[in-house]
Amino acid sequence: MENKKSVSGGIHRDGYSWKDSLIVSVLIFFLMFFVGTGLGMPIGSFFNLFSNGENTEFLTILGDNFGFLGYWIIAIVYLLLVKSDRPILRAFGTEPRGNTVKMALMGLLIGLGLNALCVGVAVLHGDIQLSFSSFPVLKLLLVFLSVFAQSGGEELLCRGVLYQRLRKAYRNPWVAILVNPIVFVLVHILIPGITIWAVLSIYLVGVAFGLMVYYLDSLWMAMAAHAAWNFTQNFIFGLPNSGTVYDFAIFKLDSATARTSLFYNVEFGVESSVTAVLVFAAVAAILVCLGKKKSLTSLDVWEK
């Protein structure tokens, strides 16, 4: 049996061991990240087998996003195999009070609304011009499912495994809330065209999603908000999402007239804008105020 030293009254929770440390948790995250990426490659490649001239981009989109199912696979396999971390599975299901269909739908509205607000500011400022392209309902539904696989996979690793391991190790929940977004930024840091505004907004996105888990007890809301933000940006408005842009979208961007400003970045989209930074800072502040006012608490998966 592992010898765990009680550190009651310190920064760590009782039962803490070196295996629960910040460094180990981050290393486990990146191991799962790279293994999950590898597992997802065959899934993504599968869609390319059916590509033809007309559907090539559509199938590429499905492949790019469904490839993130590798994160789902590695997260579930890891938690089933590693008994000491198996309680994290409790955060994925319906035991947390906030993991409900209602909260997931609210997350969808939050992600869609926030992105539409940022895009609206860029349009009003004259940075971008949009025109209607097409509305292929069935294809859009399939694309949304693929985007949910991508965004949900990132949330499982960041606000699921990493967040809960940090909650296991440290008494103060703000360690988990503020540290896991740093790792979230690191997995985006090498994206071409990333700017300081993008770094700040991605970090604050991670904080906001972590607060959804902590105060609203809803990983499902964080997953839905993440998916809705990405889908709205990429496939409703046809804008870059973390530097990636597709022609397949409801609206088409007039790229020839697009310009970079505080409210839009030609390479990175509205994620690299002061609007996104302010919006997610406001969301985080609202969640903190709401949580403290109503004394909201979340499921402690480590309680026996």
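**View 1. Ser-242 sits in the loop that runs between α8 and β2 (251–253).** Helices here are DSSP runs of H or I with at least four residues, strands are runs of E with at least two, and both are numbered from the N terminus. Ser-242 isn't a glycine, yet its phi is positive, about 50°. Is Ser-242 buried or exposed? Its relative accessible area is 14%, so it counts as buried (under 20% is buried, over 50% exposed and anything in between partly exposed, with a 1.4 Å probe and protein chains only). A quick note on the model: it's predicted, so local features need pLDDT of at least 70 and side-chain atom pairs pLDDT 80 or more, while totals for chains, interfaces and linings use all residues. Residues are numbered from 1 along each chain as its sequence is written, and side-chain values use heavy atoms, leaving out hydrogens and water.

**View 2. Helix α8 covers residues 219–236.** How many of the residues of α8 are buried? The count is 17 of the 18, so the helix is largely enclosed by the rest of the structure. After α8 comes Gly-238, with a positive phi near 70°.

**View 3. Asp-217 lies in the loop between α7 (196–215) and α8.** Here's another residue that has a positive phi without being a glycine: for Asp-217 the angle is about 55°. Asp-217 is buried too, at a relative accessible area of 8%.

**View 4. Zoomed out, the chain has nine helices and two strands.** Starting at the N terminus, the order is α-α-α-α-β-α-α-α-α-β-α. The radius of gyration is 20 Å, close to the 19 Å from the globule rule for 304 residues, so the chain is as compact as a globular protein of that length (the radius is taken over C-alpha atoms, and the rule is 2.2 Å times the number of residues to the power 0.38). Along its principal axes, the C-alpha trace spans about 60 × 45 × 35 Å. Buried residues account for 51% of the 304. Take the contacts (heavy atoms within 4.5 Å) between residues at least 6 apart in sequence: 76% of them join residues at least 24 apart.

Terms used. Expected span 1.5 Å × (residues − 1).
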